[in-house]
Amino acid sequence: MAFRKRFIHPDLFSDWELIELGLSGVLTFIGMICSADDVGNLKYCCNTIYAKTFPMTDDVSVKDVKEAVEGLIKVGLVKVYEADGQSYLHINRFHKYQKPNHPSNPEHPIDKWSLLDEDLPEATRRKIMSWTNGVVSED
């Protein structure tokens with residue numbers, strides 16, 4: 001899970017569902033955006049999210065990140081899915097805020113939620129279908 005250069009859309013800072021999760025929730029979500037592949041998916045591992053997002057601080061713990069991720073799931077900003085016995089996260093409406101010009105092949109299995117993103121550009125949708133040969137997780 002490599003961090004990517006991402007544009008953080010200013011509307012994220014006025015999203016009340018996100019703001020109500022507190023500073024660690026906001027920063028966790030931004031860290032997840034930077035960690036996600038170009039489809040908006042990443043492994044569901046709070047230890048990794050913590051290590052990537054808060055590498056030099058004792059002010060936020062893995063427990064704080066776990067609570068933030070659970071809060072993001074509860075408010076619907078993130079969806080959990082499983083593929084091949086592994087849990088993954090999909091950032092809902094990822095393509096509303098992120099528009100990769102040249103999306104790379106997904107690093108994680110694709111779930112049906114990735115394809116249902118209403119902001120997903122049609123060209124990217126076609127690329128996803130060609131990358132996966134039309135096979136997606138139904139979870």
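A: Helices (H or I, at least four residues) and strands (E, at least two) are taken here as DSSP runs, numbered from the N terminus. On that basis the protein has 7 helices and 3 strands, and along the sequence they follow the pattern α-α-β-α-α-β-β-α-α-α. The model is predicted, so local features need pLDDT of at least 70 and side-chain atom pairs count only at pLDDT 80 or more, while totals for chains, interfaces and linings use all residues. Residues are numbered from 1 along each chain as its sequence is written, and side-chain values use heavy atoms, with hydrogens and water left out.

At least two of the lining residues come from α2 (22-35), and at least two from α5 (94-97). Sorted by class, the lining has 5 nonpolar, 2 polar and 1 charged residues; Ala, Val, Leu, Ile, Met, Phe, Trp, Tyr, Cys and Pro count as nonpolar, Asp, Glu, Lys and Arg as charged, and the others, Gly among them, as polar.

Arg93 has a positive phi, near 60 degrees, in a residue other than glycine. Its relative accessibility is 34%, so Arg93 counts as partly exposed; buried means under 20% relative accessible area, exposed over 50%, and partly exposed in between (1.4 Å probe, protein chains only).

Strand β3 (residues 86-91) contains His90. His90 counts as buried because its relative accessibility is 1%. The side chain of His90 makes a polar contact with the side chain of Asn41 at 2.6 Å. A polar contact is a pair of N or O atoms within 3.5 Å; within protein, one must be able to donate a hydrogen and the other to accept it, and residues adjacent in sequence count only if both atoms are side-chain atoms.

Asp84 lies in the loop between β2 (78-83) and β3. Asp84 is not a glycine, yet its phi is positive, about 55 degrees. At 79% relative accessibility, Asp84 is classed as exposed.

For the chain as a whole, 42% of the 139 residues are buried. With contact meaning heavy atoms within 4.5 Å, residues 24 or more positions apart account for 67% of the contacts with a separation of 6 or more.

Arg6, in the segment before α1 (16-19), has its C-alpha atom 9.9 Å from that of Gly31, 25 residues away along the chain. Asp59, in the loop between α3 (46-53) and α4 (62-74), has its C-alpha atom 9.2 Å from that of Ser24, 35 residues away along the chain.
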